[in-house]
Amino acid sequence: MNKQIKNISNQKGMTLIEILVALVLFAAISAAIIPQVLNNGEKGKIKTTGIAMSTLENALSLYKLEYGTRKMQEVSLDDLVAKKFLPSKPIDGWKNELYFEMDGGDILIISNGPDGQSDTEDDISNKDLEE
C-alpha cells in the first residue's frame, strides 16, 4: 500500500505524448466543427439579404402602383425613403447598401456580396435567390 502511494506522488504531470495526443484530438474536432459554424453564418447573411431584397421589391411595387410605370425609371432609394415606402435604405447581410436597376418592366435588385465590391463573382441579385 505504501508503494502505491509513493508511485502516485512521484507523477508530476502529463507527458509530452499525452499533451500532443490531446492537441491532435482538439485540432481534429476543431477542423470538423469550424467550417460548419462559418458556413451557417454565411447562410444567415444570404437569408438576411433575401429578406432585404423582398422588402425593397415590395416597396418598388407599391411605388409603381401609386406613381405609375413612367416614374419607375426615375425613382431612387432616397425617393423611396423620403416618400415613406421604406423606413431606411435597405442593407444586405454584410452591411452594404442594396441597389436596383430597371430592366424593362423587371426590377433587378443587387447586393455586392461579402466583398462589398460591385461587378464581382460574389454579387447576389434577387434573380439568383429565386432559383
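**Reading strands, core and surface**

Guide: Strands (E, at least two residues) and helices (H or I, at least four) are DSSP runs numbered from the N terminus. The model is predicted, with local features needing pLDDT of at least 70 and side-chain atom pairs counting only at pLDDT 80 or more, while totals for chains, interfaces and linings use all residues. Residues are numbered from 1 along each chain as its sequence is written, and side-chain values use heavy atoms, with hydrogens and water left out.

Visitor: Is Asp 103 buried or exposed?

Guide: Buried means under 20% relative accessible area, exposed over 50%, and partly exposed in between (1.4 Å probe, protein chains only). Asp 103 has 54% relative accessibility and therefore counts as exposed. Its C-alpha atom is separated by 9.4 Å from that of Gln 73, 30 residues apart along the chain.

Visitor: In what order do the strands form the sheet?

Guide: Two strands pair if DSSP finds at least two bridges between them. Here 3 strands form an open sheet in the order β1-β2-β3, with antiparallel pairing. β1 (99-103) and β3 (124-125) stand at the edges with a single partner strand each, so one side of each is left without a neighbour in the sheet.

Visitor: How many bridges join β1 to β2?

Guide: There are 5 bridges between β1 and β2, and Asp 103 has Asp 106 in β2 as its bridge partner. These two strands form a hairpin with 2 residues between them, where Gly 104 in the turn has a positive phi of about 65 degrees. β2 is joined to β3 by 2 bridges, and Ile 110 stands opposite Ser 125 in β3.

Visitor: Which residues touch the most other members of the largest nonpolar core?

Guide: A nonpolar core is a set of buried Ala, Val, Leu, Ile, Met, Phe, Trp, Tyr and Cys residues joined through side-chain atoms within 4.5 Å. The largest one has 18 residues, of which Leu 56, Leu 60, Leu 80, Phe 100 and Ile 109 touch the most other members. Two or more residues come from each of α2 (16-67), α4 (77-82) and β2 (106-111); α2 gives the most, with 6 residues. Leaving aside neighbours within four places in sequence, Leu 60 is in contact (heavy atoms within 4.5 Å) with Met 72, Val 75, Leu 80, Phe 100 and Ile 107.

Visitor: Where is Leu 16 placed, and is Leu 16 buried or exposed?

Guide: Leu 16 is in helix α2 and, at 62% relative accessibility, counts as exposed.
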